[in-house]
Amino acid sequence: MSSPLSKFFGGLKLPGFKSISMSQATEDAPLPKLLTLPLKQHIGHAAEAIVKIGDQVLKGQMIAAAQDYVSTPIHAPSSGKVIAIEKRLVPHPSGIPADCIVIETDGEERWTELSPHTNYRQLDASALRNVIRDAGIVGLGGAGFPSFIKLNPGPGNIINTLILNGAECEPYITCDAMLMQEQSRKIIDGLNIMRHALQVEYCVIAIEDNKRAAHTMLVNALQEHEAEYIDIIQIPTLYPAGGEKQLIKTITGKEVPSHGLPINIGVVCHNVATAAAIATAVLEGKPLISRYVTVTGEGVDHPRNLNVLMGTAFSELIDLCGKNSKAEEFIMGGPMMGFDVAGDSVPVIKTSNCILVKSKAEKTDYVMPCIRCGQCADVCPAQLLPQQLYWYARAKNFDKTQDYNLFDCIECGCCSYVCPSHIPLVQYYRFAKTEIWAQEEEKKSSDIARQRHEFRQFRMERKKAENEERKRQKRELLKKVNGEKDSAEDAKKAAIKAAMDRVKAKRETQSIAPENTSNLSEQQKQAIAEVDSRRKKVKEES
Ligand code: SF4
Ligand code: SF4
């Protein structure tokens, strides 16, 4: 089934420093007294604590639930008591403390009730994804994307190739190589489960050609499974061959489009450790509570791999591997893509593949101006222009960085590695990405605030309009009522006027001189005149 391998652009041949941590078999790290579990150990939304301080918890019990689609739950790695839910230092490039659940272990390792699905083929894809989601499984190769989402191609997307990534290309890191040597059967089990969830026929396990022991173990495991349509392909050891896009290019010859996903070209890619975690979750019912971690670097005398419970402090593992006087800096991940942590008290999380303990001498402190030599562009596997990105990121011209496809940068560090001016280019790209995300978040928040404000305005205006309408209707009503009142008043007034007119007319009638005063004699007239005169005089005097 396999076709000839392709070559991705750029890349570097790097010294491996791998054998130093592979001389002894992986052992379980001792159970620590305290386990510190950050609520956010993956890409997406943080989980939400579902326990409270003082609660007794069992090993494997869910202690924080997923809050969103892109989120995964967290489980207690051992039995014990929740003694704190508070902000603690976590392994993150920002060095900012984050919410954690702290468990004081009781040493009893009492498991919660488990629900294995040994006959997983009877489950449909959706039910299988739910099992994987509830087990809190994320990509263990470093990215930490919830695995169940990558197992859901969505309607209209047909997956024709599932690639299992065993190309652990970064120097120093050997946890996947050890896992492939020691847990090869489990990896094949996990691959078969993912294959069933995706309903994909063709699968590839990609492994670098310098990992011979791991290759042999996987080939043997595959023969035992008698699995068809699974190829194990050895790829050239070239950094960053394990980058998702670079691996897909190498295996299939296809390019994942810029701003696109492997799913867009019918490919899904998972890490070998993720496959093993899925097998444990489905076949044994155990959630993701531990992982292989490489503890290495000049700062430890006995570099090695350990199977570590999530939440174990880096310091316990570093001490176990013989911390020496050179130990000055602590990196989570490898020297190319890893980042400095705030101190060795931070805990192991789901994405902690390696703890690199460095001496000061391993670091270059002086930085010179860019001389536009172009070496960074020659090695960039994403075919970007790193020096342009650097200029714009440094000038905080983030629109321009996006014009130059900043988000296609996989932060492999090849450009920084070859830069003769020792410019920490990747740090500038991470800074630019963080700023852009922060601005996006701010924009989202201000959009929400603006929408709320507009809705409030709308509500106020609607209320005002409703009040006005109510007032208008009241006025209309009053007017109508007053109109009726007015006509009643008018009728009343008319009746009064008519009565008054009648009285007046009567009075006028009464003031007409009586008829019997006509035809009076002179004597009578004089007598009347005298009476009238007297009456007038009396009236005037009074
Ligand atoms: S390698 Fe360094 S000095 Fe050369 S162009 Fe790139 S950033 Fe500038
Ligand atoms: S870190 Fe980004 S810009 Fe630099 S070489 Fe890698 S992909 Fe290219």
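In this predicted model, the shell around ligand 2 has, by class, 11 nonpolar residues, 1 polar residue and 1 charged residue.

**Ligand shells**

- Among the 13 residues around ligand 2, those that come nearest are Cys380, Cys409, Cys412, Gly413 and Cys415, and the elements that give two or more residues to this shell are helix H12 (414–418) and helix H13 (425–511).
- Around ligand 1 the model places Cys370, Ile371, Arg372, Cys373, Gly374 and Cys376, together with Gln387, Cys419, Pro420, Ser421 and Leu425.
- Divided by class, the shell around ligand 1 holds 7 nonpolar, 3 polar and 1 charged residues.

**The parallel sheet**

- Four strands form an open sheet in the order E11-E10-E9-E12, and their pairing is parallel.
- Strand E11 (230–235) and strand E12 (267–271) stand at the edges with a single partner strand each, so one side of each has no neighbour in the sheet.
- On average, and with direction ignored, neighbouring strands of this sheet are turned by 25° against each other.
- Within the sheet, strand E9 (residues 161–166) pairs with E12 in the parallel sense over 5 bridges, and Leu164 stands opposite His270 in E12.

**Helices against the sheet and against each other**

- Helix H7 packs on the sheet, where H7 touches E9 and E12, and the direction of H7 makes about 80° with that of E12.
- Helix H6 (residues 244–252) has as its buried residues Gln246, Leu247, Ile248, Lys249, Thr250 and Ile251, and these buried residues pack against E9, strand E10 (202–208), E11 and E12.
- Just after H6 comes Gly253, which takes a positive phi of about 80°.
- Two packed helices are described by the angle between their axes and the distance between the axes.
- For helix H1 (residues 125–134) and helix H7 (residues 272–284), the packing angle is about 105° and the axes lie 9 Å apart; because angles of 65 to 115 degrees count as roughly perpendicular, H1 is described as roughly perpendicular to H7.
- Leu128, Val131 and Ile132 of H1 make this contact with Ile278, Ala281 and Val282 of H7, and by class the residues of the contact are 6 nonpolar, with no polar and no charged residues.

**The antiparallel strands around E15**

- Strand E15 (residues 329–332) is covered on both faces, with Glu329 and Ile331 on one side and Phe330 and Met332 on the other, all of them buried.
- E15 pairs with strand E17 (residues 354–358) in the antiparallel sense over 4 bridges, and the bridge partner of Ile331 in E17 is Leu356.
- E15 is also joined by 2 bridges to strand E16 (residues 339–340), again running antiparallel, with Met332 opposite Phe339 in E16.
- E15 and E16 form a hairpin that has 6 residues between the two strands, and in the turn Gly333 has a positive phi of about 100°.

Notes
Residues numbered from 1 in each chain as written. Chains lettered and ligands numbered in written order. Predicted model: local features only at pLDDT ≥ 70, side-chain atom pairs only at ≥ 80, totals over all residues. Heavy atoms only, no water. Near = heavy atom within 4 Å. Nonpolar A, V, L, I, M, F, W, Y, C, P; charged D, E, K, R; others polar. Axes fitted to C-alpha atoms, helices over the stretch in contact; angles between N-to-C directions. Parallel < 35°, antiparallel > 145°, perpendicular 65-115°, else oblique. Contact = heavy atoms within 4.5 Å. Pairing = 2+ DSSP bridges. Buried < 20%, exposed > 50% of the residue type's maximum accessible area, 1.4 Å probe, protein only.
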